[in-house]
Amino acid sequence: MDIWKYYGVTHADHLIMNPLSSAKLDELVGLLPLQTGARMLDIACGKGELLIRVARNHEGTTGVGVDISPYEAPAAKRRVDEYGLEDRIEILEMGGADYDAAPGSLDLATCIGASWVWDGFQGTINAFKKIVKPGGLIAIGEPYKMQEPSAEYENAEPGMAANLVTHAENIGIAMAAGLTPLYSIASNQDDWDRYEGMQWRAAEIWAAENPDDPDVSELLERMRRDRAVYLRHGRDTLNWAIYLFRAPG
Ligand SMILES: C[S@@+](CC[C@H](N)C(=O)[O-])C[C@H]1O[C@@H](n2cnc3c(N)ncnc32)[C@H](O)[C@@H]1O
């Protein structure tokens, strides 16, 4: 089935499409040291929740959100309109790597949960260092491993956890690239369970309401498999954080 449909259905009820709680996202947004009229770019913006919260909390901030999904980008546009922020936030439906930001043009560049756009955490840092102003802000949402994955987990999801580093190592990678850590905020088990459970719920409700959809059995099968891997392995092995850095001045 279409991959964007899978994520569109399973994340239909997520305004925040990552494992951080709403309260923690508010905390992070409140701590952003932004000047009035700051310019922000959010790559893989999902439903636009981060852009909307930053615009509502930081006077005069303007931003661009980029998302490749034909489910999420239109949803983000609708939500921006609902908040009356269409003159401050532009949403583009396109691949994140294809968005051409002018070098040194941004006060804040963010990518929360899609670092694969630049082949990972290091690649995202390299890309963002070029487009933020000297001393600008970079926020990246990235999983990290709490322990080494079991052989069983590796078989179930090859490379998933093995390719991750620890929380401290994520911050170390950024420091080695010249960034200054300003803050990090991690999920706890409730946050993760909510993020995962909302996917089970959305998929089961969608399947019950759309029994004739040709993708019902494939979608349920995939969600239930992902659920089993999360419960058996991911829940105790991985965690998630958003990291806030300042670029060199
Ligand atoms: C885990 S979700 C996070 C969404 C949002 N940042 C949030 O935290 O609510 C990942 C998002 O990345 C988007 N995405 C995946 N690949 C992308 C790409 N190559 N370019 C732009 N967006 C992409 C998906 O459509 C999805 O909205």
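A residue counts as near a molecule if one of its heavy atoms lies within 4 Å of that molecule. The exercises below use this cut-off on a predicted model.

**Exercise 1. Which residues come nearest to the ligand, and of what classes is the shell around the ligand made?**

Solution. 
- Step 1: Collect the residues around the ligand; there are 19.
- Step 2: Pick out those that come nearest: Met17, Asn18, Ala44, Asp67 and Gly96.
- Step 3: Sort the shell by class, which gives eleven nonpolar, six polar and two charged residues.

**Exercise 2. Which residues place a polar atom at a nitrogen atom of the ligand, and how much of the ligand does the protein bury?**

Solution. 
- Step 1: Recall the cut-off for a polar contact, a pair of N or O atoms within 3.5 Å.
- Step 2: Look at the backbone. Isoleucine 68 has a backbone N or O atom 3.3 Å from a ligand nitrogen. For isoleucine 112, a polar backbone atom is 2.9 Å from a nitrogen atom of the ligand.
- Step 3: Look at the side chains. Tryptophan 116 has a polar side-chain atom 3.2 Å from a nitrogen atom of the ligand.
- Step 4: Turn to area. The ligand exposes 590 Å² when taken alone, and 87% of that is buried by the protein.

**Exercise 3. How many residues does the largest nonpolar core have, and which element gives the largest share?**

Solution. 
- Step 1: Count the largest nonpolar core, which has 32 residues. Those with the most contacts inside it are Leu25, Leu34, Leu50, Val54, Ile89, Ile91 and Ile242.
- Step 2: List the elements that give two or more residues to this core. The helices are α2 (22–31), α3 (49–57), α4 (72–82) and α8 (189–209). The strands are β3 (89–93), β4 (106–112), β5 (132–145) and β7 (238–246).
- Step 3: Find the largest share, which is the five residues from α3.
- Step 4: Note that another core of 27 residues lies apart from this one, with Phe121, Ile125, Ile140 and Ala241 among them.
- Step 5: Return to Ile242 and leave aside its neighbours within four places in sequence. The contacts of Ile242 then include Leu20, Leu25, Ile112 and Tyr183.

**Exercise 4. Are tyrosine 144 and arginine 53 buried or exposed?**

Solution. 
- Step 1: Locate the two residues. Tyrosine 144 is in strand β5, and arginine 53 is in helix α3.
- Step 2: Apply the cut-off, under 20% relative accessible area for buried. Tyrosine 144 is buried because its relative accessible area is 8%. Arginine 53, at 12%, also counts as buried.
- Step 3: Check the contacts beyond four places in sequence. Those of tyrosine 144 include Leu164, His167, Trp240 and Tyr243. Those of arginine 53 are Ile16, Ser22, Leu25, Asp26 and Val29.

**Exercise 5. Where are alanine 44 and aspartate 119, and what are their phi values?**

Solution. 
- Step 1: Aspartate 119 is in the loop between β4 and α5 (121–131).
- Step 2: Read phi. For alanine 44 the value is near 65°, positive in a residue other than glycine. Aspartate 119 is not a glycine either, and its phi is positive at about 60°.
- Step 3: Classify by accessibility. Alanine 44 is partly exposed because its relative accessible area is 21%. Aspartate 119 is exposed, with 76%.

Conventions: Residues numbered from 1 in each chain as written. Predicted model: local features only at pLDDT ≥ 70, side-chain atom pairs only at ≥ 80, totals over all residues. Heavy atoms only, no water. Polar contact = N/O pair within 3.5 Å; in protein donor to acceptor, adjacent residues only side chain to side chain. Areas by Shrake-Rupley, 256 points an atom, 1.4 Å probe, with all protein chains shown as cover. Nonpolar A, V, L, I, M, F, W, Y, C, P; charged D, E, K, R; others polar. Core = buried A, V, L, I, M, F, W, Y, C linked by side-chain atoms within 4.5 Å. Buried < 20%, exposed > 50% of the residue type's maximum accessible area, 1.4 Å probe, protein only. Helix = DSSP H or I, 4+ residues; strand = E, 2+ residues; numbered from the N terminus. Contact = heavy atoms within 4.5 Å.
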